[in-house]
Structures are given as structure tokens and as C-alpha cells.
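Here is a short briefing on how two parts of one protein meet. Look at the structure first, then read the points below.

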Amino acid sequence: MHGRPLLLRMTPDSASDDGDVDDDPDDGSADDARDEREPDPASTRRGLLRAAAGATVAGAASTAGCLGVSTPADVAARYEVSGNVAHFVGPSWLADNRGDVVVLDARNAERFREERIYGARRVPFDAITGRESSGAGLVPDVEAIAAAFGEVGVSPDDDVLVYGASVGSRVTRTAFALAALGHGGSIRALNGGLSGWNGRLGTGSRDRVTPTEYDPDPAESAWVTRDWLADRLGTFNGEGPGLVDVRAPEAYLGAPAADALNPDNDRHGHLPGAIGVHWVGNVSGRRMTDPGELVGLYENRAELDRSGTVVVYGDDNVDPTSTWLTLRAIGFEDVRVYDGGFGEWANVEGDRGRYPVETATSVVIETEGSVGGDDSSGDFSCTG
Ligand SMILES: O=S(=O)([O-])[S-]
């Protein structure tokens, strides 16, 4: 249980941009709306958190920078971490296996045209975040997602490597989208992102590929619905599943006037019983954070049970996939994404009593991380 006193410690890095790049920068999508909300100055964030939670706040600059890429095997050996960290691989793995994997670029179309790993293919991000209504709430639109992967010639048994500018939530959403289809081949992410790759590059419009008919075998245990959660209220992080809100602490706390609050949401706060662990702690200098630190964060401090079910949610269905892949990589067995997200929960029509929002009781676990800030060129910079 989470009877600990609330302690918040934010760093300038953890106040950085969420790492996403929109496919179409001006298409008016939810991504655009998020992008328009400027990252908070750390000082503002500290003030908000102190006011919202009466918390102890101690700023500490991260020393992470534009680090070289080390392979998960090296990292795992160093920290003697049990569990599968092999979703994350380094560029040397890709160089050795380039001919055997389909390489997918998770960045936007402009970046893809400018420069990419030679032979990489790109799936429109809007397609792989697609959702549809079920009687119980929003769920991944597996048919649309499968069609998008099929369009770029991905088959269910292909071994796939996904890369981005970093190992941000576009990369992890792409990985999740494949997992949601019940993808039979392996799914890996490139630690360090494109900047760590010194092999052959390509430019221009996408290369010709032969489309496939991707026949999905939906892995429904990869996600949960609004009603699945409503049925388990009062059990989270206790006798029931773990529940992690991956949004910035201000959003979790529903801090008044915080820039992190989504203006499209009718209500602010978090699902009752959820703990807040901001997803940016999963990434450090464009790499997965050291697994030993992640184990300390999620198992020791957040007190999540690696053998139980853990549900992660954000405002939408992109950022929580970072925590989904991270937890799986450090050995959590059953991690699920609430694909509707807080955006669905907060704005549900009709009887909102079944879908309450909480602000009074809060547990925020401090995180440090640097996904990479969005500099003036629209690319990612190492901010740590
Ligand atoms: O931000 S990203 O590395 O997912 S493109």
C-alpha cells in the first residue's frame, strides 16, 4: 500500500517536452494541442507542486547528456537485473541484424524524408493511435492499425525494430500497436534513436514496398477499457491491479491553472487509487534509463508488483506506452494500457458517478529523465 508521505522532486529535465513529433504539425490534432502548451519553467512547476501538495521539493540537475549508446545486455549485466530488457537494443545489434528485420521509423513524415535509416519504412502515426468505441469504452482500432502496417509491407511474423529521435512515446506507441495486433515476430526499439546509428542512411520519399494483408490476432490482454477500470475502483494499488498515471504531476494533481492540464478535459485530477509516475523517467539522454534505476523506481518506490497486473494510463494512448514497454522490459509480466485514457474518463457522457475523478489523495513518485527537448529546428536535442 502507499501510505508513504508525499515527496516530490522535480528537475529541469523532467519539465521538458514530451518528446512527441506530430505527423502533420498543423493538422489541428490532439498532438498539436499538446504541443501548443509550452513546457513549464521548472520554477513554475515547483511552485505549483508545492502549493498543490505541500510537498518537499528539491531540484537537482541531471548529469545525463548526449551519451553514447550501450546495449541493454551490457546494462543488464552491470546491474544484474533479471527480466527481459531485450526490447531495447543498440545500433550494433541493428548493424548485425539489418538484413533480418523490418525497420520502422516512428518520426514524422518530414524528418523521415530528410534522413532515415536506409530501407526504413514509416507508418502514419494517426493510424496506429486509432481507437474505436466498444460497449465498455474506447479500444484500439485493430483493423485500422493492421491496415496501416500492411500498407508498408509488414507481415505478422516479421521481426521488427522501431526507432525514433529518441526512445520516446512515438517509438513505444508503434511497438504497442504491433503488440495489440498480436504480432508474432519480435518487436525491438533502438536505444539512442537515429542519432546513435552510423550506418547507411536514406532520404526522400519512401521506398517502394509491396503491401501485405496484415491479418491481426488481437491481443486484448494488452489493454483495458473504461468499464474494466470502473468495475475495479477501490482496489487499485491494493488488493487489485496496480494503476499508474504517467502524466506530469500537475495533471495528476489537477493543479489549478497548471499548463499541463488538458483544456479539453471537463474534469481534472486522476483515477481514484492511481499513483503518479511521470513517464519521462523512463528515458535518459535518448536511451532507456538504466534498468537498475527503473527497478528501483517502479518496484521499490512505487511498490508495484511485477507478478501482478499493472495498468498504465495517460491523457491519451501515446505516453503510457512508454511505461508499458519499460515495465515489460524490466520483467513485469502483465502490463496493460488504458487506451481511452484520462481524456475519455474525464469527459464521459452520462452518469459520471461511476467514473469519479480524485484530487484529494495523491501519491506522486519523483522521476528524473530527459527524453530530449524540442529545439527550434523541430528535432530533438539532448537536454540533460
Ligand atoms: O520521440 S520518439 O523517440 O518516440 S520519435
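Across the interface of domain 1 and domain 2, one salt bridge is found. This is a predicted model. Which residues form the salt bridge? Arg173 pairs with Asp339, and their closest N and O atoms lie 2.9 Å apart.

**Polar contacts**
- The interface of domain 1 and domain 2 also has 17 residue pairs in polar contact.

**The domain 1 side**
- Four elements are listed here, each giving two or more residues to the side that touches domain 2: α3 (72-79), β5 (131-134), β6 (137-140) and α8 (169-180).
- Which element gives the largest share? It is α8, with seven residues.
- Sorted by class, this side of domain 1 has 23 nonpolar residues, 19 polar residues and three charged residues.

**The two domains**
- The domain assignment places domain 1 at 57-219 and domain 2 at 221-371.
- Domain 1 gives 45 residues to the contact, and domain 2 gives 36 residues.
- The centres of the two domains, taken over C-alpha atoms, are 22 Å apart.

**Buried area**
- How much area do domain 1 and domain 2 bury between them? The value is about 3,300 Å².
- Carbon and sulfur atoms account for 61% of that buried area.

Methods. Residues are numbered from 1 along each chain as its sequence is written. This is a predicted model: local features need pLDDT of at least 70, side-chain atom pairs count only at pLDDT 80 or more; totals for chains, interfaces and linings use all residues. Side-chain values use heavy atoms; hydrogens and water are left out. Domain bounds come from an automatic or database domain assignment. Contact means heavy atoms within 4.5 Å. Buried area is the accessible area (1.4 Å probe) that two parts lose on being put together, summed over both. A salt bridge is a side-chain nitrogen of Lys or Arg within 4 Å of a carboxyl oxygen of Asp or Glu. A polar contact is a pair of N or O atoms within 3.5 Å; within protein, one must be able to donate a hydrogen and the other to accept it, and residues adjacent in sequence count only if both atoms are side-chain atoms. Ala, Val, Leu, Ile, Met, Phe, Trp, Tyr, Cys and Pro count as nonpolar, Asp, Glu, Lys and Arg as charged, and the others, Gly among them, as polar.
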